[in-house]
Amino acid sequence: MDFLFLAEFTTFYLPVLTSNLIKMNEEIFPTIYNKALDIISRREHSEKEVRDKLIIKFDERDIIESVIEKLKQNSLIDDSRYAEMYTRERKRKGFEPKRIVYELNWRGVSENLSSNAIEEEGGWTEAAENAFNKKFKDGISDDFKTKLKQKSFLQNRGFSFKEIDSIFS
């Protein structure tokens, strides 16, 4: 008896359910795609950031993945372009390579892309000097405790020992 019910279900109802699912997917895909375009229209985003924002709004993970793939095919999201832009922006604000790599990894950008963006940007010693001069207008302090605070500030920004040493020598 159960077998007969299953046969009737698959014969009569399954095609209807499948066609309804396809129609739903055809209706929701443009909605999710337009939301993704809305998200990336404001600023550059990593693939992970777009995915996370779409998952908050929509439950259809498989459709979200197909939207992400379409965005990548159309070169609308690109993690290497995002890494370059993010590195340039954070460097301008006085942050250094270690911190930028950490932040990029947190945003879903691979270690390889992060490292390439850091290497291409260059000029990190100069960036350390700019950050130091912006924060400490009076220059290097003669007081030992104040000098430690100055070095600590640069370390917290992610500067390497070599870059910090170049400022204090």
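Which residue forms a salt bridge with Lys-91? Glu-121 does, and the closest N and O atoms are 3.7 Å apart. A salt bridge here is a side-chain nitrogen of Lys or Arg within 4 Å of a carboxyl oxygen of Asp or Glu. Side chains of opposite charge can pair when their charged atoms come close.

Some ground rules come before the tour. This is a predicted model, where local features need pLDDT of at least 70, side-chain atom pairs count only at pLDDT 80 or more, and totals for chains, interfaces and linings use all residues. Residues are numbered from 1 along each chain as its sequence is written, and side-chain values use heavy atoms, with hydrogens and water left out.

Back to Glu-121 and Lys-91. Their salt bridge has N and O atoms 3.7 Å apart. This pair links distant parts of the chain: Glu-121 is in helix 6 and Lys-91 is in helix 4, 30 residues apart. Helices are DSSP runs of H or I with at least four residues, strands are runs of E with at least two, and both are numbered from the N terminus. Glu-121 has 25% relative accessibility, so it counts as partly exposed. Lys-91 is buried, with a relative accessible area of 17%. The cut-offs are these: buried is under 20% relative accessible area, exposed is over 50%, and partly exposed is in between (1.4 Å probe, protein chains only).

The structure holds 14 salt bridges. Another one joins Arg-92 and Glu-89, at 2.5 Å from N to O. Both residues lie in helix 4 (residues 79-92), three residues apart, which is about one turn of the helix. Arg-92 is exposed, because its relative accessible area is 60%. Glu-89 is partly exposed at 30%.

Arg-99 pairs with Glu-103, with the closest N and O atoms 3.1 Å apart. The two are four residues apart in helix 5, so about one helical turn separates them. Arg-99 is partly exposed, with a relative accessible area of 33%. Glu-103 is buried, at 9%. Salt bridges can also join up into a network, as they do for Glu-47, Arg-51, Glu-65, Glu-69 and Lys-72.

Now look at Arg-107. It lies in the loop between helix 5 (97-106) and helix 6 (111-121). Its side chain makes a polar contact with the side chain of Glu-49, at 3.5 Å. A polar contact is a pair of N or O atoms within 3.5 Å; within protein, one must be able to donate a hydrogen and the other to accept it, and residues adjacent in sequence count only if both atoms are side-chain atoms. Leaving out residues up to four places away in sequence, Arg-107 touches Ser-46, Lys-48, Glu-49, Tyr-82 and Tyr-86. Contact means heavy atoms within 4.5 Å.

Next come the nonpolar cores. A nonpolar core is a set of buried Ala, Val, Leu, Ile, Met, Phe, Trp, Tyr and Cys residues joined through side-chain atoms within 4.5 Å. The largest has 14 residues, and Ile-32, Val-50, Leu-54, Val-67 and Leu-71 touch the most other members. Helix 1 (2-42), helix 2 (47-57) and helix 3 (61-73) each give two or more residues to this core. Leaving aside neighbours within four places in sequence, Leu-71 has contacts that include Tyr-33, Ala-36, Val-50 and Ile-77. A second, separate core has 12 residues, among them Tyr-82, Ala-117, Trp-124 and Ala-127.

Finally, the aromatic rings. Rings of Phe, Tyr and Trp (its six-membered ring) pair if their centres lie within 6.5 Å; planes under 30 degrees apart count as stacked, over 60 as edge-to-face and the rest as tilted. By this rule there are five aromatic pairs. Phe-132 and Phe-136 have ring centres 5.1 Å apart and planes at 40 degrees, so their pair is tilted. Both residues are buried. Phe-132 also pairs with Phe-168, and this pair is edge-to-face: 5.5 Å centre to centre, with 75 degrees between the planes. Here too, distant parts of the chain are linked: Phe-132 is in helix 7 (residues 124-135) and Phe-168 is in helix 9 (residues 161-168), 36 residues apart. Phe-168 counts as buried because its relative accessibility is 16%. Ring pairs link Phe-132, Phe-136, Phe-153 and Phe-168 into a cluster.
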